[in-house]
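The following briefing concerns a predicted model and is arranged by topic. Please read it alongside the sequence and the coordinates shown here.

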Amino acid sequence: MIESLLIANRGEIARRIIRTARRLGVRAVAVYSEADEALPFVKEADEAICVGPANPAQSYRNTEAILAAAKTAGVQAIHPGYGFLSENADFARTVESSGLIWVGPGADAITAMGDKINARNLMAAAGVPVAPGTTDPAADVDAAVAAAASIGYPVMVKAAAGGGGMGMGVAADETALRTEYDKVRAFAERMFGDGSVLIERYFPRVRHVEVQILGLADGRVIALGERECSVQRRNQKLVEESPSPAVSPELRDRLLAAAVRAGEAVGYRNAGTVECLLVPRQRDFEGDGPGTEEFFFLEMNTRLQVEHPVTELVYGVDLVEEQLRVAAGLAPNFDPDALTAHGHAIELRINAEDPKRFLPGPGAVRSWVEPSGEGVRVDSGYAPDTTVTPFYDSLMAKLIVHGADRAEAISRARAAVAGFEVVGPKCNLLFFAELLDNAEFLSGDYDTGIVGRMR
């Protein structure tokens, strides 16, 4: 096993990686910005090194500073967490060329899946269903209009290098497409340094479901079930649950098999996620239950996902441990041929944002009381007398619950939300209290428009 590890991240995910490292006897080194010096992950690491000021470009995205910290600390490996440098192929290559172990997929896999157009084409060649769309970037707005005429409106306009719900727009007709194309292209050039744009068919009522994959050290790729991610605001997830209430056993078999093919197509190693859109079937009779008959590849996240804990609770697998084992060339700490799902898990992202418009609301944490009890887990990045600053993502904690079935998980989630107290920053706990009593959510028959309908 790896003996020492630098975590090139912050907040709850750094703290979560430290927890597994401590259990395994791995020395965990944290890096932190000047703005994060008082956060729990800094204190809980075996060693912590400041890598720069609050601006992420000068700290958490500063590859030279992070590599210097790794050298100073004398670690064997670097775990990037999620966000920041986690899907930066150049950084992964630099880490490995420096003689360190990269806890993640190979740089070639990151590169292959980092461009949405290239990823779509690779998946189509591997037999993974993809939505109707362009196979090359739309060179200009006229090319986008021509593509849309062939695909059929409405269409989604996407930044090829985008991710995390950013760099997307929907067009119902040519006039809207011309506007959205210019907006998305400008945004992509500014945010990603790549203005390439693709055009895909847009499905108004869809579910967002993803599959957790793990590329093992022996070359096999396995799937650890699916997660439902359809409760979103601005195309960004707020709630995840596993298993998905929309996925039948037959659909699950097809979905997981496609995700494994996706991983095999790029020689995937380590943890990753294959994200898909589920398109609802047409109902013949009033009262037909939830169900889908089509799914399409959306993208692959070549890293650990924020929502990985729901998979851990359902399958009893520590995914961070498995990441370290794969990176060290070791067999998994479970039998891949005997994976069994148990119960139901739900994750709520506790963000520093108001519960109505979801606008960020950073501030000093005056009180922080976490819920506890059977089936309740909290992965948090903050504590009393710390500050949520405006420099980073608004995620403060993840509240994860597990029950024997979905009804019990929802019941435990309600109690846990009621017992979670955050005073100081704005907080979206009131939204979750509302969601957990929402008839559409409770039915399990919901889609990505649920938050908009609640507002």
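Asn351 stands opposite Leu395 of strand E19, and this position belongs to the pairing of E14 with E19 (residues 395–403), which is antiparallel and extends over eight bridges. Strands are DSSP runs of E with at least two residues, helices are runs of H or I with at least four, and both are numbered from the N terminus; two strands pair if DSSP finds at least two bridges between them. The model is predicted: local features need pLDDT of at least 70 and side-chain atom pairs count only at pLDDT 80 or more, whereas totals for chains, interfaces and linings use all residues. Residues are numbered from 1 along each chain as its sequence is written, and side-chain values use heavy atoms, with hydrogens and water left out.

- Strand E14 covers residues 344–351, and eight of its eight residues are buried, that is, under 20% relative accessible area, where exposed is over 50% and partly exposed lies in between (1.4 Å probe, protein chains only).
- In a regular strand, side chains alternate between the two faces of the sheet.
- Strand E11 (residues 236–242) is joined to E14 by four bridges in the antiparallel sense, with Val239 opposite Leu348.

**Loop residue Thr389**

- Thr389 is located in the loop between strand E18 (387–388) and E19.
- The relative accessible area of Thr389 is 13%, so this residue is buried.
- Beyond residues up to four places away in sequence, Thr389 touches Ala35 and Pro362 (contact means heavy atoms within 4.5 Å).

**Nonpolar cores**

- A nonpolar core is a set of buried Ala, Val, Leu, Ile, Met, Phe, Trp, Tyr and Cys residues joined through side-chain atoms within 4.5 Å.
- The largest core has 100 residues, and those with the most contacts inside it are Leu6, Ile78, Val231 and Ile350.
- A second, separate core of 27 residues includes Met113, Val221, Leu256 and Val260.
- Leaving aside neighbours within four places in sequence, the contacts of Val231 include Leu238, Val239, Phe431, Leu435, Phe441 and Ile450.

**Parallel sheet of five strands**

- The strand order in this open sheet is E3-E2-E1-E4-E5, with parallel pairing.
- Strands E3 (47–52) and E5 (101–102) stand at the edges with a single partner strand each, so one side of each has no neighbour in the sheet.
- Strand E4 (residues 77–79) is joined to E5 by two bridges, and Ala77 stands opposite Ile101.

**Antiparallel sheet of three strands**

- Three strands, in the order E7-E6-E8, form an open sheet with antiparallel pairing.
- Strands E7 (168–171) and E8 (197–201) are the edge strands, each pairing on one side only.
- The twist averages 25° from one strand to the next; axes are lines fitted to C-alpha atoms, for helices over the stretch in contact, and angles run from 0 to 180 degrees between N-to-C directions.
- Strand E6 (residues 155–159) pairs with E7 over four bridges, and the bridge partner of Val157 in E7 is Gly169.
- Helix H6 (residues 116–125) packs on this sheet, touching E6 and E8, and its direction makes about 50° with that of E8.
- Helix H7 (residues 141–151) lies across E6 and E8, running at about 20° to E8.

**Confidence**

- The mean pLDDT (the predictor's confidence in each residue, from 0 to 100) is 95 for the chain, and 97% of residues reach 70 or more.
- Over residues 283–288, pLDDT stays under 50, and the model has five contacts beyond four places in sequence for this stretch.
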